[in-house]
Amino acid sequence: MVDPETGRRTRVDAVFNPKHKDYFRVVNDARKTIEVMSNVFPAWPYPYSHETVVDGLSQMEYPMMVNDNPLEDVAESIELTDHEIFHTMFPFYMGINETQRAWMDEG
Ligand SMILES: [Zn+2]
């Protein structure tokens, strides 16, 4: 539930190699990130219907999708998942030029 006023929801998926055990937890970490973004900090109803976390070779954000390499350390995995999903707000939703002002969306 991303907007209690309207009842709007966001679907969260993870696409991964089952050999990467951390990913069995990542989908729930991603769901919690969107829930907290929407209801606690910054309490901004997540604007999109879907978010997918892809088990990839890098750490990169795309609109409604993030590419996160597997990480064995739980704290690092949670930080990476949170960080990349927050890029939905900075720069994508805010429209910041991330090439010229990377400090704004990476900070
Ligand atoms: Zn980043």
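Predicted model: local features only at pLDDT ≥ 70, side-chain atom pairs only at ≥ 80, totals over all residues.
**Overall chain**

I began with the element count: the protein chain has 4 helices and 4 strands. Along the sequence I read the pattern β-α-β-β-β-α-α-α. The radius of gyration came to 14 Å, close to the 13 Å given by the globule rule for 107 residues, so the chain is as compact as a globular protein of that length. Along the principal axes, I found that the C-alpha atoms fill a box of roughly 40 × 35 × 20 Å. I then looked up burial, and 21% of the 107 residues count as buried. For contacts between residues at least 6 apart in sequence, I noted that 46% join residues at least 24 apart.

**The sheet**

I next asked in what order the strands of the sheet lie. The 4 strands form an open sheet in the order S1-S2-S4-S3, with mixed pairing. I recorded strand S1 (11-15) and strand S3 (59-62) as the edge strands, each of which pairs on one side only. Direction ignored, neighbouring strands of this sheet are turned by 10° against each other on average.

I then followed S3 to its partner. S3 and strand S4 (residues 65-68) pair in the antiparallel sense, over 4 bridges.

**Methionine 60**

I placed methionine 60 in strand S3.

I turned to the helices. Helix H1 (residues 23-39) lies across S1 and strand S2 (50-55), and runs at about 155° to S1. Helix H2 (residues 74-86) packs on the sheet and touches S2, S3 and S4. The direction of H2 makes about 145° with that of S4.

**Helix H2 in detail**

I checked the length of H2 against expectation. At 1.5 Å a residue, its 13 residues should span 18 Å, and the end C-alpha atoms of H2 are 18 Å apart, which agrees.

Which residues of H2 are buried? I listed Leu80, Thr81, Glu84 and Ile85. Seen down the axis of H2, these buried residues fall within an arc of 120°, so they line one face of the helix. On the other side of H2, I found Ala75 and Glu76 exposed.

Finally, I asked what the buried residues of H2 pack against. I recorded H1, S2, S3, S4 and helix H3 (88-93) as their partners.

Note on methods: Residues numbered from 1 in each chain as written. Pairing = 2+ DSSP bridges. Helix = DSSP H or I, 4+ residues; strand = E, 2+ residues; numbered from the N terminus. Axes fitted to C-alpha atoms, helices over the stretch in contact; angles between N-to-C directions. Contact = placed C-beta atoms within 7 Å. Expected span 1.5 Å × (residues − 1). Buried ≥ 20, exposed ≤ 12 C-beta atoms within 10 Å, placed from the backbone. Arc of directions from axis to C-beta. Rg over C-alpha atoms; globule rule 2.2 N^0.38 Å.
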